[in-house]
Amino acid sequence: MRRICFTLQVRPDRLDEYRVRHAHVWPDMLAALSASGWRDYSLFLREDGLLVGFLVTDDFAAARAAMRAHAVNARWQAEMAPFFVGLDHETADRAMRPLDEVFNLEAQLAARTGETA
């Protein structure tokens, strides 16, 4: 399993509405994410609009491709696009660029004991 972390930027004037929209994500969008292999998916939002996303998946490219096959994703991305800055004509799901993981406590502890994380 691969741990994925990414950042996006939410427009500061849309933070409250962004929070409201994510408090009640459409049931079919939730089902599509789950069926596409997005596990332990969380979003964290800072007061200046920095959005940090985290998920676990077997294959991020495959999980993203599976989401693109769901019609609900196109509708969701169209509704969410105005909330973001700096997408350069992409949708938020296509603009996600995974960050390099530079530290993982469990992996380092397991390495010290000879286990696999």
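Of the 117 residues in this protein chain, 33% count as buried, meaning under 20% relative accessible area with a 1.4 Å probe and protein chains only. This is a predicted model, where local features need pLDDT of at least 70, side-chain atom pairs count only at pLDDT 80 or more, and totals for chains, interfaces and linings use all residues. Residues are numbered from 1 along each chain as its sequence is written, and side-chain values use heavy atoms, leaving out hydrogens and water.

**Overall layout**
- The chain has six helices and four strands; these are DSSP runs numbered from the N terminus, with helices (H or I) of at least four residues and strands (E) of at least two.
- The C-alpha trace spans about 50 × 30 × 25 Å along its principal axes.

**The sheet**
- Let's start with the order: the four strands make an open, antiparallel sheet, β2-β3-β1-β4, where strands pair if DSSP finds at least two bridges between them.
- Because β2 (39-45) and β4 (84-85) stand at the edges with a single partner strand each, one side of each has no neighbour in the sheet.
- Strand β1 (residues 2-10) and β4 run antiparallel and are joined by two bridges, and Val 10 stands opposite Phe 84 in β4.

**Contacts along the chain**
- Among contacts with a separation of 6 or more, 75% come from residues 24 or more positions apart; a contact means heavy atoms within 4.5 Å.

**A loop residue**
- Phe 103 sits in the loop between α5 (92-95) and α6 (105-113).

Note on methods. Buried < 20%, exposed > 50% of the residue type's maximum accessible area, 1.4 Å probe, protein only.
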